[in-house]
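Work through the exercises below with the structure in view, and try each task before reading its solution.

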Amino acid sequence: MGPQRAEGHAARSKHLKRIRAQEANLRREKVRLLRAELVTLRERVRMVERELRQLGEREAISSAGRIRWSEVFEQLDDTFTARALAELTGVPPSHVGTVTHTWRSKGWITTTERGVYRKTARAGRT
């Protein structure tokens, strides 16, 4: 290879590396944006599911899917009420009682007074 050809090859190589770096940056940015969009959409879906459950729409409830109680637990403040849990999920009080009983049995929460709970140090660990 002549010197001029080598310089052209080096320039093309350098340009390709720059393009690859730009592609990698664009990919990272696209992933970041899509993840943010997914978080927004999931929150919207949760809001719609909650409204449907509160309205008691049987068909809509079954299509909305199961409640992810671990995600609900993470959303709650360190101290929360049964009413707040019911409003957050749209489930009836009897179901809130079942869930809080399970969480107490696992040591995730303690009862501070009737209908008021506090997360413990063991919260969320299995």
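**Exercise 1. Describe how helix 4 and helix 5 cross.**

Solution. The crossing of helix 4 and helix 5 is right-handed, a crossing being right-handed if the near helix is turned clockwise from the far one by less than a right angle, and left-handed if anticlockwise. The axes of helix 4 (residues 82-89) and helix 5 come within 10 Å and cross at roughly 115°. That makes helix 4 roughly perpendicular to helix 5, the term used for angles of 65 to 115 degrees.

This is a predicted model, in which local features need pLDDT of at least 70 and side-chain atom pairs count only at pLDDT 80 or more, while totals for chains, interfaces and linings use all residues. Residues are numbered from 1 along each chain as its sequence is written, and side-chain values use heavy atoms, leaving out hydrogens and water.

**Exercise 2. Find the aromatic pairs and examine Phe-73 with Trp-108.**

Solution. Because Phe-73 lies in helix 3 (residues 69-75) and Trp-108 in the loop between helix 5 (93-105) and strand 2 (109-113), the pair ties together parts that are 35 residues apart in sequence. Both Phe-73 and Trp-108 are buried, that is, under 20% relative accessible area.

Methods. Rings of Phe, Tyr and Trp (its six-membered ring) pair if their centres lie within 6.5 Å; planes under 30 degrees apart count as stacked, over 60 as edge-to-face and the rest as tilted. Helices (H or I, at least four residues) and strands (E, at least two) are DSSP runs, numbered from the N terminus. Buried means under 20% relative accessible area, exposed over 50%, partly exposed in between (1.4 Å probe, protein chains only). Axes are lines fitted to C-alpha atoms, for helices over the stretch in contact, and angles run from 0 to 180 degrees between N-to-C directions. Angles under 35 degrees count as roughly parallel, over 145 as roughly antiparallel, 65 to 115 as roughly perpendicular and the rest as oblique.
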